[in-house]
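Here are some notes to go through with the model open beside you.

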Amino acid sequence: MTQSQPEVALQPDTPNAARMFDFYLGGKDNFAADRAAAQMVLQVAPWMPEAARQGRDLIARTVRHLVQERGVRQILDLGSGLPTRDNVHEIAHRIDRDVRVVYVDNDPVVCAHGRALLADSTSVSVVQADLRDPEQVLAHPDISAAIDLGSPVAVLMMFVLHLVPDERDPQRIVATYRDALAPGSYLALSHASTDVDPELMARISAIYARANSPFVPRSHADISRFFGDFVLESPGLVNMWPYAEPPATDDPRVARTGYSGVARKP
């Protein structure tokens with residue numbers, strides 16, 4: 001791996017979205033500022049740890065579907081976050097050890113932990129880059145060395161686009177990635193939504209305004225636009241893909257806070 005990575009200063013006194021998510025999952029890779037902000041979120045959304053666990057299960061279902069049922073052998077995980085249980089490459093490699101996975105994140109803590117975890121891996125790599133700069137990501141030499149964009153690739157954007165503000169033009173960002181992919185590629189994303197409880201989402205957004213990333217939930221219609229002309233896999237853009245309705249055991253407040261879907265490039 002080349003060493004020319006963008007420098008992003010570590011800011012332990014500023015709440016960090018990735019480290020807050022780690023706290024929700026019961027992890028230890030977080031600072032006092034992250035825990036304080038996360039506790040504020042828990043005051044208005046006490047089910048957030050359950051939502052985080054459900055999110056990890058959603059990622060696992062998505063990766064298994066792509067690798068086992070759709071034959072994907074290249075995965076680009078954008079905004080991957082801190083390593084946790086059942087990481088994308090671990091799920092994929094239970095099915096096929098040759099699946100190539102590249103994790104991309106702009107957080108130095110995320111990347112340091114990821115590289116330590118994957119020090120001996122030849123089919124998995126971690127690249128420090130900003131997904132909001134798709135031209136930079138797609139041209140990165142470490143990504144080019146691992147991912148063949150001339151063949152089908154699965155791009156994961158799970159729980160990350162709602163951390164990109166409208167002024168950064170997330171629709172253009174995602175369209176740039178879509179345009180770079182070969183036919184037969186897939187885009188999988190999950191995104192928080194304002195549809196069910198906009199007042200709650202506004203309260204959470206106000207807390208994240210103090211963090212390193214904003215929290216920008218969007219409507220079902222706006223989230224659908226991220227897929228462009230890609231064809232959504234059944235049952236479409238739903239609460240807990242691939243379930244059109246969440247299992248009966250799930251807290252409805254958890255299931256109704258966002259949407260997820262998987263789509264194929266024709």
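**Notes on the model**

1. F159 sits in the loop between β4 and α8 (170-180); helices (H or I, at least four residues) and strands (E, at least two) are DSSP runs, numbered from the N terminus. It's not a glycine, yet F159 has a positive phi of about 60°. F159 is partly exposed, at 26% relative accessible area; buried means under 20%, exposed over 50% and partly exposed in between, using a 1.4 Å probe and protein chains only.

2. Before going on: this is a predicted model, where local features need pLDDT of at least 70 and side-chain atom pairs count only at pLDDT 80 or more, while totals for chains, interfaces and linings use all residues. Residues are numbered from 1 along each chain as its sequence is written, and side-chain values use heavy atoms, with hydrogens and water left out.

3. D169 is in the loop between β4 and α8 too. Its phi is near 55°, again positive in a residue other than glycine, and D169 is partly exposed with a relative accessible area of 36%.

4. Now for strand β4 (residues 154-158): five of its five residues are buried. A154, L156 and M158 point one way, V155 and M157 the other. β4 runs parallel to β1 (residues 74-78), joined by three bridges, and L76 is opposite V155. With β5 (residues 186-192), β4 pairs in the parallel sense over five bridges, where M157 has L189 as its bridge partner. Pairing here needs at least two DSSP bridges between the strands.

5. T62, in helix α3 (residues 48-69), is worth a click. T62 is buried, at 3% relative accessible area, and its side chain reaches the backbone oxygen of L58 at 2.9 Å. Leaving out residues up to four places away in sequence, T62 touches M158, A188, W241 and V262; contact means heavy atoms within 4.5 Å.

6. W241 is also joined to P242 by a cis peptide bond, omega about 5°. The S234 to P235 bond is cis as well, with omega near 10°. P235 is in the loop between β6 (231-232) and α11 (252-255), and P242 is in the loop between β6 and α11.

7. Last, the helix pair: α2 (residues 32-44) and α9 (residues 198-208) pack at about 170°, axes 10 Å apart. That makes α2 roughly antiparallel to α9 (over 145 degrees counts as roughly antiparallel). From α2, A37, M40, V41 and V44 meet L200, R203, I204, I207 and Y208 of α9.

How values were computed:
Axes fitted to C-alpha atoms, helices over the stretch in contact; angles between N-to-C directions. Parallel < 35°, antiparallel > 145°, perpendicular 65-115°, else oblique. Polar contact = N/O pair within 3.5 Å; in protein donor to acceptor, adjacent residues only side chain to side chain.
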